[in-house]
Amino acid sequence: MYRPLSGLNRHNITRELLSGVTLLAISVPLNIGYAQIAGLPATAGLYALVIPTIVYALTVSSRQVVASPDAAAAALVFSSLMGLQVGGDNFAAMAAAQAILSGLMLWAASALKLGFLANFLSKPILVGFVGGLALEILLSQVAKMLGIKLEPGEEFFENLVALFANLGSVDPWSLGMSAGALAILLVGKKLASVVPWALVVLVLTTLVTALWGLEARGVAVLGEVTSGPPVLEVPRLDLATWLALIPSALALTLITTAEGLLVSRSYAEKNHYTTSPNRDLFAFGAANVAAGFSGSFAVGSSTSRTAAMDQLRSRTQLPSLVLAAGTLLLLLFGTALLAQIPSPAIGAVVAVAVFGLLGVGEFRVLWAQSKFEFGIGATCFAAVLVLGPLSGLFLAFVLALVNLARRAAAPPVDILIASADPEDSLLSSASSVQETAPGIVVVRFAAPLFFANGNVLATRLNNIASELGGRLRTIVLDMEAVTDVDVTGAEALRGAINTLGENGVALAYTRVRPELRDRLAQFELTEGVTQLATNRAALAALTSATDGLINNQ
């Protein structure tokens, strides 16, 4: 039975509480930055750290995964809503509604046990999709660090051109502050990675901005942040707007499912505890619904913050509850401290956080391991920049399905042939040849038999019969690797059986799974076909031959 705060005891409670303080120091500056990326006020990022975090921590099965908006989700929220041409108060309401829809979809996935669908977001797709979003984010943060204002809602390449066109108007104070912030973040991480350097940077730059009056000299600041706790309310939108948000909410759901379950499983395996994928989907759904009703935006798994908690040896969700309590206190009593945070410093913090998401190392590995899958990742990366995130994700799905169909349509077909004359035992189309018994050919088909490859098997069987002519008496079809058959595959096999029969060649099945035997009978593919278990004269030779082939693979 699930227990909230599983793993917490009197021996680790102090460590868990201190880890929560560190998590608070990491999360506040990041969420302020991510809210700006999403085109939302800073409070939207802070609200995500209160009610959604509490709901998630009390319902998730993972002891370590931290739930929060991340850079990729923030960019997807902004680009998808800008694509619908909204702004002002409606923008915030639509971001909240988007989170609610995503939460409902995650609940449905949990109830229907559909977590496996996230497997279609293969590693190349995730690397390319997140990398493309990260580059968009990086461009916007570089502009912020240079004191250059880009028009919201413009395409990536338009913003890139605008950035270069305005390099002559770089603000020196913003540039100097950004350089100093980057130096502290990068050097500090190498010297003492456990220190919350993002918080250090924001505190120092805020003090410098206030003491030297840098806002009057052109340095942009965060501005007034509304104080008070999040207010629960339903986004006021018409039905057409809710429906228009479904595609982007679905994209957020897929990304949350794929990344969230992957991170949860990896840390559970590493630290030797169990998780429930469907319960985790429910927790992500609950967090997103809570985010939507409390004025925030889409919530997913935070890989960087989860890694930080693991490094501190945190093994419970108590740090997330400390984070929620600390953020609530900040909203109640400390928002005045946030007004003077300089935008260039926020840009530096976010830029460092998202730089690793570009996927340079992952693309290098993909290139070495599979050029085709590297191409899928690179295409998805480029499509996000050229077509936008949703179109890019759709294109990547199509490429993944093409890759799946390409592999399934050409499964391995191992062929063994035997004849009284050794010179007749060679077959030009055979991938493996061994002696079995005179006049018998064994064909092993290593895939489910369905519409994409049914003709492959039928053609191979007919070609064998044609090439061997009257020397062939029996083809034995080894079905051990065949897990299913569909209508089209059944029709193709039935056609091959009829053609073989017209040429005086018998077909026999061997090593048929019980479930598949029922499917074959349902499609009337067992009529007139020998079940090898009753053909004892050939069984011993066949078993020896197929075992020898398998051992040689």
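Residues are numbered from 1 along each chain as its sequence is written, and side-chain values use heavy atoms, without hydrogens or water. Because the model is predicted, local features need pLDDT of at least 70 and side-chain atom pairs count only at pLDDT 80 or more, while totals for chains, interfaces and linings use all residues.

**View 1. Strand 5 and its cover.** Here we look at strand 5 (residues 474-478), where strands are DSSP runs of E with at least two residues and helices are runs of H or I with at least four, both numbered from the N terminus. Five of the five residues of strand 5 are buried, so the strand is largely enclosed by the rest of the structure. Buried means under 20% relative accessible area, exposed over 50%, and partly exposed in between (1.4 Å probe, protein chains only). Both faces are covered, with Thr474, Val476 and Asp478 on one side and Ile475 and Leu477 on the other.

View 2. Strand 4 (residues 440-445) runs parallel to strand 5, and five bridges join them; two strands pair if DSSP finds at least two bridges between them. Val442 stands opposite Val476 in strand 5. Look for Leu477 opposite Tyr509, and for Thr474 with its bridge partner Ala506. Four of the five residues of strand 6 (residues 506-510) are buried, so this strand too is largely enclosed by the rest of the structure.

View 3. Asp478 belongs to strand 5 and is buried, with a relative accessible area of 0%. Its side chain reaches the backbone nitrogen of Glu480 at 3.1 Å and makes a polar contact with the side chain of Arg511 at 2.6 Å. A polar contact is a pair of N or O atoms within 3.5 Å; within protein, one must be able to donate a hydrogen and the other to accept it, and residues adjacent in sequence count only if both atoms are side-chain atoms. Arg511 and Glu480 also meet in a salt bridge (3.9 Å, N to O), that is, a side-chain nitrogen of Lys or Arg within 4 Å of a carboxyl oxygen of Asp or Glu. This pair links distant parts of the chain, 31 residues apart.

View 4. Among the five salt bridges in the structure is the one between Lys270 and Asp310, with the closest N and O atoms 2.5 Å apart. Lys270 lies in helix 11 (residues 246-271) and Asp310 in helix 13 (residues 303-311). Arg315 forms a salt bridge with Asp310 as well, at 3.4 Å. Asp310 is buried at 9% relative accessibility, whereas Lys270 is partly exposed at 48% and Arg315 partly exposed at 21%.

**View 5. A nonpolar surface patch.** Trp173, Leu199, Val203, Leu204, Leu207, Val208, Leu211 and Trp212 make a patch of about 760 Å². Seven of these residues come from helix 9 (residues 197-212), the largest share. Trp173 sits in helix 8 (residues 172-191) and is partly exposed, with a relative accessible area of 33%. Patches are made of residues with over 30% relative accessible area and no salt bridge, joined within 9 Å for like charges and within 5 Å for nonpolar side chains (Val, Leu, Ile, Met, Phe, Trp, Tyr). Accessible areas come from the Shrake-Rupley method with a 1.4 Å probe; for residues, only the protein chains shown count as cover.
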